[in-house]
Amino acid sequence: MLTETDPAAGGKTEKYKSRRRIAREFILQGIYQWRVAGGSASFIEQQLRESEEFKHVDEKHFTQVLHGVIERAEELEEAIQPCLDRSMKELSPVEFAILFLSTYELKHHPEIPYRAIINEAIELARTFGGSEGHKYVNGVLDKLAVRLREVEVREQKTVRKHP
């Protein structure tokens, strides 16, 4: 179990980081590395596994998503591009990695609620991205969720209107 200092609370409070959250942080690093330097998913995975913190990772999720993103990059890009206001090449490597990770989860992990995927992406963008990156990631993923999880999004909106 890892905790992180919460800067919003003046750095005094710590909040729990789940194994899945830690896996997403490592996946983000792996996709970032792949985008910037290239390399195979297996090579990147091997490097990331050497970290002392890797023992806290949800390994099954990490391996499946990292390999899935790299193997299905073209499919993910086709899903993401219509929701962008710029070309894929203009995204920062962090935004790119978060959007690919989240899009993969939206497409291939229907058991994870879309709101949870978006919230995790926003937290990753706040932690690792630029100052306004989380807003951009949120906007893109909101559009993408409507396209990829139309029924789930519609059901959520209905539940909110009629508590």
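Modeller: Searching the whole structure turns up four aromatic pairs. Rings of Phe, Tyr and Trp (its six-membered ring) count as a pair if their centres lie within 6.5 Å; planes under 30 degrees apart are stacked, over 60 edge-to-face and the rest tilted. Before we zoom in, this is a predicted model: local features need pLDDT of at least 70, side-chain atom pairs count only at pLDDT 80 or more, and totals for chains, interfaces and linings use all residues. Residues are numbered from 1 along each chain as its sequence is written, and side-chain values use heavy atoms, with hydrogens and water left out.

Start with tryptophan 34 and phenylalanine 96, a tilted pair with 6.3 Å between centres and 35 degrees between planes. Tryptophan 34 is in helix H1 (residues 19-37) and phenylalanine 96 in helix H5 (residues 93-108), so this pair links parts of the chain 62 residues apart. Helices here are DSSP runs (H or I, at least four residues), numbered from the N terminus.

Phenylalanine 96 also pairs with phenylalanine 100: their centres are 4.1 Å apart and their planes at 25 degrees, so that pair is stacked. Both lie in helix H5, four residues apart, about one turn of the helix. Phenylalanine 96 is buried, at 6% relative accessible area, and phenylalanine 100 is buried too; buried means under 20% (1.4 Å probe, protein chains only).

There's a charge here as well: the charged end of arginine 35 sits over the ring of phenylalanine 96, 4.1 Å from its centre. That label needs CZ of Arg within 6 Å of the ring centre and within 35 degrees of the ring normal.

Definitions and conventions. Helix = DSSP H or I, 4+ residues; strand = E, 2+ residues; numbered from the N terminus. Buried < 20%, exposed > 50% of the residue type's maximum accessible area, 1.4 Å probe, protein only.
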